[in-house]
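Visitor: I would like to learn how to read the features of a protein model, going from the whole chain down to single residues. Could you take me through one?

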Amino acid sequence: MPSPAATDPNPIHSGRSRIPVLARLTSGLRWDLPASLVVFLVAVPLSLGIAAASGAPVMAGLIAAAVGGVVAGSLGGAPLQVSGPAAGLTVIVAGLIEQFGWPVTCAITVAAGVLQVLLGMAKVGRVALAIAPVVVHAMLAGIGIIIVLQQLHVMLGSEAGEAALHNILALPDSLAAVDPQAAFLGAVVIALLVGWKHMPAAVRRVPGPLVAVVAATLLSLPFNSDVDRITFDGSLLDALSLPHLPQGEWTAIAVGVVTIALVASVESLLSAVAVDKMHHGERTDFNRELLGQGAANVTSGMLGGLPVTGVIVRSATNVEAGGRTRKSAILHGIWVLVFSLLLAGVIQLVPESVLAGLLIMIGIRLVKVADFQTARVTGDLAVYAATLLTVVFVNLLAGVLIGLALAVLLVVWRVVRASIHAEPLGAAAENRWRVVIDGSCTFLSLPRLSKVLAAVPPAAHVTVELDVDYLDHPVHDTLEAWRIRHVNNGGSVEIEETGTATLHAAVAGTPARGSSRSALRGGFAPWRSWQRGSAPLAADASGHVPAPVRSVLNGVDSYHRRHAHLLRPHVEELSTFQDPDTLFITCADSRLVPNLITSSGPGDLFTVRNVGNVVGSDRLEPSVEASLKFALDELSVTSVVVCGHSGCGAMTALLAGPAAAQSQEGGDGRCPVESWLDHGRPSLASFQAGHPVQVAAEQAGYGAVDQLAMVNVAVQLERLQRHASLQDAVRSGDVHVTGLFYDIATARVLRITPTGISHLDPLPRAEELSPA
């Protein structure tokens with residue numbers, strides 16, 4: 001049977017079907033190929049050194065590097081991460097080899113890989129995202145310092161020590177015994193990398209690290225044997241070996257498996273988080289990364305290689321060298337394999353000091369001054385310093401754990417610490433005090449709370465402002481015990497609970513943090529929701545405050561204490577002029593708060609309010625006419641809004657007829673209310689005639705009063721659009737006329753047009769769309 005390609009009448013079409021596959025395979029190679037070569041050059045000496053330091057066969061490091069590149073690079077979830085043997089596992093692997101031997105250690109590596117796969121399948125990888133950024137920044141800086149300290153000795157022609165402190169103390173001896181040729185080659189690399197960013201754009205298309213390594217290697221050729229170069233013995237094929245199952249000591253074996261798996265996983269995820277912060281491309285899939293690392297460790301252990309993990313040094317080199325996709329990591333593994341098998345002599349041409357210069361620049365770039373400044377500004381400098389110093393002078397894992405612990409303690413301290421203070425009010429003779437508790441008040445705040453309460457005079461009249469989002473039982477008991485003592489000593493205590501956590505809730509069940517979107521805290525709730533009949537905080541000359549104005553005075557006092565200082569920076573520039581965007585015509589109803597439902601503030605809305613949000617009948621009502629002219633000519637508003645609301649008294653009176661208006665006023669003839677309602681009678685006529693908005697509102701389930709209120713908005717819009725001063729501006733698009741309707745029962749805002757209604761909530765609930 002002929003193949004589909006042979007029977008295709010259009011062979012060009014079948015050829016095109018292969019183009020996307022080829023494009024995917026070659027996509028990014030322009031950057032990934034050179035980057036892979038640079039990473040390969042860095043990976044080879046590091047892998048050999050880690051293998052030697054672990055007491056494993058030297059070639060086991062190259063096996064792990066090749067497997068990490070190909071397997072973890074293909075299957076892992078961090079596209080730009082480069083995996084291989086890591087220095088963080090050196091001590092652990094050395095201990096396992098000493099206790100069990102190399103073949104059993106390979107079996108432990110395989111088992112650790114299986115455990116990592118299981119962790120990935122359990123989807124625990126995203127836990128890495130909970131790591132504080134300051135810890136990641138400090139970890140990178142610490143690794144950079146370690147790299148610089150180690151490679152300075154190599155560049156000077158000396159041996160680098162394992163510990164950072166040793167490298168610091170040995171630096172004077174290395175300077176005294178400097179190898180001029182090695183130092184020269186390292187300096188050439190550094191100079192090329194520093195100056196490469198100043199080269200023309202066309203030249204910079206070639207990665208600077210690759211140019212630096214090649215150029216310095218060529219310069220070193222005349223030096224012959226006078227310069228230390230990369231060396232290794234044996235063949236990669238000779239190092240391949242199968243793991244051996246352990247003979248007993250299963251508890252120690254299990255501990256080794258868990259240790260390798262957890263340390264390798266943590267290092268890989270930390271490295272992935274750090275690499276994500278170094279580029280703007282595809283983000284890491286942490287669960288897939290664990291699967292990829294596990295598969296790499298199974299493969300490496302089966303072939304006789306070291307444990308594999310994500311390595312920040314190689315990953316940072318990959319990003320710095322311009323790697324764009326996972327192809328750079330995969331290719332680096334292929335180069336390790338190919339060159340180790342066929343061209344080991346070429347690898348051995350590269351001087352160690354050349355790679356040292358490259359690594360020094362990579363280490364320097366990991367230490368970012370901006371990260372240090374951010375930590376200082378945000379108050380995280382102690383966490384940054386502790387993490388960095390521990391990474392440098394102890395090890396990576398200890399540094400990260402200490403940094404995370406300090407970061408969590410700092411967050412707990414900031415979150416649970418409440419602001420508590422007491423202050424006198426008014427004249428000293430009045431003996432009135434205020435105690436303010438703001439934040440999250442827990443048993444940790446009891447020392448401060450007890451001290452502040454003890455400072456209040458025994459017979460004072462005290463107002464306790466409890467503006468908290470969390471309050472536990474010990475705080476309730478402390479406040480209640482103090483209140484009883486204070487009242488027994490002749491004082492008085494009034495508690496104002498304006499936060500989202502209450503004293504009653506603290507003893508009614510398990511304490512819970514209240515919502516941060518509290519209407520009480522924002523000052524949006526009615527007075528009765530938070531004043532609770534508290535005593536007035538201001539009085540006239542005679543010391544008496546009339547009951548009707550107590551709420552106003554208490555509200556002003558609360559505004560001064562809670563909001564005035566927050567508002568002041570926004571209104572200072574408005575003190576001499578106003579520049580609103582919108583003329584907002586709405587009803588005088590007390591339940592409709594324009595700035596609240598439009599999320600606007602001082603200077604945004606030029607508001608006109610009247611009964612029924614009408615603009616006039618045959619012509620505009622005089623106050624609306626004057627406001628419209630001022631808004632257009634003097635304020636240059638760009639929109640005019642008419643806003644009605646549900647349960648409108650004016651619409652109710654229109655539906656009831658003239659008799660109802662007269663009875664409301666208690667007079668004969670045409671009362672002021674009936675005269676004013678004449679402005680709304682065209683809306684009533686349109687409603688009775690079946691206006692499109694009335695039909696839409698009825699279908700949505702609204703009652704007759706609300707249907708009329710919506711029709712009224714539509715009629716006012718039509719009247720405004722016919723107004724001489726608005727017609728041209730609306731037609732040209734300079735001014736937009738909009739209708740709104742506020743449904744009080746659901747606190748939702750609808751849009752009204754001359755032909756219908758629409759819901760502005762992007763995700764309305766069904767029960768809110770059809771009010772009862």
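Guide: What follows is a walk through this predicted model, from overall composition to cores, helices and ring pairs.

Visitor: How many helices and strands does the protein have, and what percentage of its residues is buried?

Guide: The secondary structure comes to 39 helices and 12 strands, and of the 772 residues in the protein, buried ones make up 46%. The accessible surface is about 37100 Å², with 62% of it belonging to carbon and sulfur atoms. Among contacts between residues at least 6 apart in sequence, 76% join residues at least 24 apart.

Visitor: Which residues touch the most other members of the largest nonpolar core?

Guide: The general idea is that in soluble globular proteins nonpolar side chains tend to be buried together. Here the largest nonpolar core has 103 residues, and those touching the most other members are Ile108, Val135, Met139, Ile143, Leu306 and Leu358. Helix α15 (residues 250-276) gives the largest share of this core, 12 residues. Another core, of 43 residues, lies apart from it and includes Cys587, Val615, Leu677 and Met710.

Visitor: How far does α22 reach from its first C-alpha to its last, and what is expected?

Guide: The expectation is 1.5 Å a residue, counted over one less than the number of residues. With 13 residues, α22 reaches 18 Å, close to the 18 Å expected. Helix α13 (residues 208-220) also agrees, since its 13 residues should span 18 Å and its end C-alpha atoms are 18 Å apart. The buried residues of α13 include Gly208, Pro209, Leu210 and Ala212.

Visitor: How many aromatic pairs are there, and how is the pair of Phe372 and Tyr384 arranged?

Guide: Ring centres within 6.5 Å make a pair, and planes over 60 degrees apart count as edge-to-face. The count by this rule comes to three aromatic pairs. Phe372 and Tyr384 form an edge-to-face pair, 6.0 Å centre to centre, with 75 degrees between the planes. Because Phe372 lies in helix α21 (residues 369-377) and Tyr384 in helix α22 (residues 381-393), the pair ties together parts that are 12 residues apart in sequence. Phe372 is partly exposed, at a relative accessible area of 36%, whereas Tyr384 is buried, at 5%.

Phe606 and Phe630 form a tilted pair, 5.7 Å centre to centre, with 40 degrees between the planes. This pair links distant parts of the chain, with Phe606 in strand β8 (residues 605-610) and Phe630 in helix α31 (residues 622-633), 24 residues apart. At 17% relative accessibility Phe606 counts as buried, while Phe630, at 35%, counts as partly exposed.

Visitor: What sits over the ring of Trp31?

Guide: It is the charged end of Arg324, 3.9 Å from the centre of the Trp31 ring.

Visitor: Is Asp472, in the loop between β5 and α25, buried or exposed?

Guide: Burial here means under 20% relative accessible area, so Asp472, at 6%, counts as buried. Its place is in the loop between β5 (461-471) and α25 (473-488), and, not counting residues up to four places away in sequence, Asp472 touches Cys441, Thr442, Phe443, Ala506 and Pro511.

Methods: Residues are numbered from 1 along each chain as its sequence is written. This is a predicted model: local features need pLDDT of at least 70, side-chain atom pairs count only at pLDDT 80 or more; totals for chains, interfaces and linings use all residues. Side-chain values use heavy atoms; hydrogens and water are left out. Rings of Phe, Tyr and Trp (its six-membered ring) pair if their centres lie within 6.5 Å; planes under 30 degrees apart count as stacked, over 60 as edge-to-face and the rest as tilted. Helices (H or I, at least four residues) and strands (E, at least two) are DSSP runs, numbered from the N terminus. Buried means under 20% relative accessible area, exposed over 50%, partly exposed in between (1.4 Å probe, protein chains only). A charge sits over a ring if NZ of Lys or CZ of Arg is within 6 Å of the ring centre and within 35 degrees of the ring normal. Contact means heavy atoms within 4.5 Å. A nonpolar core is a set of buried Ala, Val, Leu, Ile, Met, Phe, Trp, Tyr and Cys residues joined through side-chain atoms within 4.5 Å. Accessible areas come from the Shrake-Rupley method with a 1.4 Å probe; for residues, only the protein chains shown count as cover.
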